[in-house]
Amino acid sequence: MKGYNFAYLDEQTKRMIRRCVLKAVAIPGHQVPFGSREMPLPYGWGTGGIQVTASILGSGDTLKVIDQGADDTTNAVSIRRFFARTAGVRTTTATAEATVIQTRHRIPERQLREDQIIVYQVPQPEPLFRLEPSRQETLRMHALADYGLMHVKLYEDIARFGQISISYDYPVMVNQRYLMSPSPIPAFDNPKMDMMPALQLFGAGREKRIYAIPPWTRVRSLDFEDHPFRAINAPHACGLCGSTHSYLDEVVTDDRGGRLFVCSDTDYCAERRAAGHVGSDGMKEAAE
Amino acid sequence: MAYVAVKGGERAIDAAHAWLAEERRGDPGVPELSVTQIAAQLGRAVDRAMAEGSLYDRELAALAVKQTSGDLIEAVFLLRAYRTTLPRFGYSEPVDTTMMAICRRVSAIFKDLPGGQVLGPTHDYTHRLLDFSLLGPSDAATTSRAAPDDGVMPRVPDILGQEGLMESDGGAADEPGDLTREPLRFPAGRDVRLQALARGDEGFVLGLGYSTQRGYGGAHPFAGEVRMGEVSVEFVPPELGFAIDIGDIVLTECQMVNQFKGSKTMPPQFTRGYGLVFGFSERKAMAMALVDRAMRAAELGEDVTAPAQNVEFVLYHSDNIEATGFVEHLKLPHYVDFQSELQNVRRLRAEQERMGQEKEAAE
Amino acid sequence: MSDATLLSGRGLGLAFGSVTALADVDIDLWPGEMLAIVGESGSGKTTLLNVLSGRVRPDRGVVSYRDPDDRLHDVHAMPAPALRALHRSDWGFVHQDPRQNLRMGVSAGGNVGERLMAQGSRHYGNIRAAALDWLAQVEIDGSRIDDLPRTFSGGMQQRLQIARTLVTHPRLVFMDEPTGGLDVSVQARLLDLIRSLVARLKIAVVLVTHDIAVARLLAHRIAVMQRGHIVETGLTDRVLDDPHHPYTQLLVSSVLSA
């Protein structure tokens, strides 16, 4: 793309972001402020993730971009195109082939490797924001590891509903020190973060924060001993590939309550079908 | 009905872009707007795009206004994104508004003063009646306009300052922060607060300024002075070591005079609210001065009770690019999270029903 | 340990502009005793409480605290996290207005359980049981455990604040007019409760009050303040029955006999 640097951002900016990434990796779960740049995509649409990806991308990388687990949602398409144009890198839909994966709201089902980096798009980096809107206050709470407010919220949930009612963006404790928002991934995906072999980077462009989980780090979802964390998923199998272990999307098929459940991770589902797995609805092929 | 996985996202996006381009151009039988026309005849739209885009370039701003079909926030977005890519040479010298080539200058606190009350090209005394003659071509307007006054026009608050009645400016201590380069941190200094207001959404700043007048925090403001006109921008290139004039820009400056009761250590003085905006942007400059003063409540020992006095609240929500991005992002797919909530609610309801049935069975 | 003071202030001074709030104040507190600081409004007693508890920094002087390991700490030289940890475990603070210390949008059980959770308790059942136990100890019906403090009377809110503060068995509690703003019969019940809890748990208390009757009922020792100075200290009964300082005499004589 004429007139623009590799991956759009100038080298100074990339250097600044990489310094922040290094600091974030050194303090797992801690939010590092960074001078987020105005990007050609709107805030809230992945500018943080894009800036992190742009700063770590090299010409030899292979990039996968997903949104809601799928490569083909319009926002994933838009971002993938952005990098194809500004960086000319190889892109892929196959999780196994990617070296960098930028994601919105899901972690791929296939386990990631040590040579991969996953970049999460984060709308709201502050895990306490619903309980305490003031950033000055939450900054103090993180500094003093004063997370009473969050524990009280979980207690209240159990008192009121009999169980913790958070189903996505479920708060986690990273490396036994920092309370962190995993981004709005479903609670179902939380366990994947614990001791993940890949490096996990989180970018929040509008709120101007970067944070990270180094490979092989302990990540625990908050819970009580007698009310342990439970991953929520639809109690069905994928209609296309038959999987009972992947996160499922619910598709409304008619106006009489008809429902079909399919894997949210389109690459995972395609791999399973290619390997011969079939779901109850699997005879009807998806249109190309 | 067979499930057909939705693909073709790329084609859909391309089609959407094509339609947008058609919408922008409109009926090809109608003459296309030129950027020159927009710059010349939609000056206030251009001013706003420059102010909130934090980029002084009339032609670029007019281009942005054309490209976005007049959606000013989208135009600001274009300018901001472009600004990010521009190389930076450094900071200019502080602009000297006492040397402004005055086009308009009014003060509410003195009946008359050196330089006089200069109305300039203002809407103020127009009767807001639609002028249907403008539906057709208008005759070239002629004005009996005096040349911009280069004579002495001291800033009104400086006049008060001579008597010690107005607090001093404080003077610049360290290098000012740069909101376009560094993330916002609290406590935020006045320099950063003013930057945020200068590029903040005019509607938001106006609403907050208005709220201070209605009792939501308020410091009994008087419009000490509003002045609009051209000022020269000076820059010291490192190779030269002295300042050179690199161009003129139009600015609107407003200083509000507010009362302060004094403390045990300080005699009573007036306090200042300050507004400075690109272009002819009087409304914004005045609102900015009101909100600037409101945000100083804590440092002046006043109770912080109102939204306009809550620095974190004002600074976090004044940027309309951040705001529109996040508000509009709700359009993006959120079905994965919604699915989790659905399953959650279904489970809780099933639990409740099961417990209800157990109770009944027990009775 | 029994001879050593738990908390001491030496040479404490603080001025707000030209107003002297504290002038050269020396004060001691022994383990398990209740010390009342009395004086009229403007005497500096609340300022002294805030300085002793580390909430306000004095211009001069030192506040020392002896921890359970018999180590002495300079309260105002402690790093912020250490002082916060102290306030969450060994120390407590009961405010005149319970709403300053309660989370009004959180249930009574959550309010009481919070300090336990802050200290690492992770068993919901145990936390809830502890909360029920404490509600009983402050005479709040257990059925109110899931109710919001907003629905409690002023006296109940104050008792909830006390439960919330005492749940971690602090050694030292600061109280700022704990019965202020409550009507007389409610006050009496609350004072009784405080007295029995403090005696049973052997908590040391610094209590600020303008009400001599409260001091007489609760405190072992009393310090009388006037315009930033402590004018008289001693055993409560002795000071109130036989005041030496003219200001104390004035204070005592102006109170309608209980």
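Visitor: What makes A:D146 and C:R88 a salt bridge?

Guide: This is a predicted model. In it, the closest N and O atoms of A:D146 and C:R88 are 3.7 Å apart. The cut-off for an Arg nitrogen and an Asp carboxyl oxygen is 4 Å, so the pair counts as a salt bridge.

Visitor: How many salt bridges are there between chain C and chain A?

Guide: The count is two. Nine residue pairs are in polar contact across this interface. On the side of chain C, the elements giving two or more residues are α2 (80-88), α3 (108-118) and α4 (124-137). By class, that side has seven nonpolar, six polar and seven charged residues.

Visitor: How do you know that chain C is in contact with chain A?

Guide: Contact needs heavy atoms within 4.5 Å. By that rule, 20 residues of chain C are in contact with 17 residues of chain A.

Visitor: What area is buried between chain C and chain A?

Guide: About 1,700 Å². Carbon and sulfur atoms give 60% of that area. In chain C, C:M117, C:R122 and C:Y124 lose the most area to chain A. Together they make up 42% of what that side buries.

Visitor: Which element gives the most to the lining of the second largest pocket?

Guide: α1(B), with eight residues.

Terms used. Residues are numbered from 1 along each chain as its sequence is written. Chains are lettered from A and ligands numbered from 1 in the order in which they are written. This is a predicted model: local features need pLDDT of at least 70, side-chain atom pairs count only at pLDDT 80 or more; totals for chains, interfaces and linings use all residues. Side-chain values use heavy atoms; hydrogens and water are left out. Buried area is the accessible area (1.4 Å probe) that two parts lose on being put together, summed over both. A salt bridge is a side-chain nitrogen of Lys or Arg within 4 Å of a carboxyl oxygen of Asp or Glu. A polar contact is a pair of N or O atoms within 3.5 Å; within protein, one must be able to donate a hydrogen and the other to accept it, and residues adjacent in sequence count only if both atoms are side-chain atoms. Helices (H or I, at least four residues) and strands (E, at least two) are DSSP runs, numbered from the N terminus. Ala, Val, Leu, Ile, Met, Phe, Trp, Tyr, Cys and Pro count as nonpolar, Asp, Glu, Lys and Arg as charged, and the others, Gly among them, as polar.
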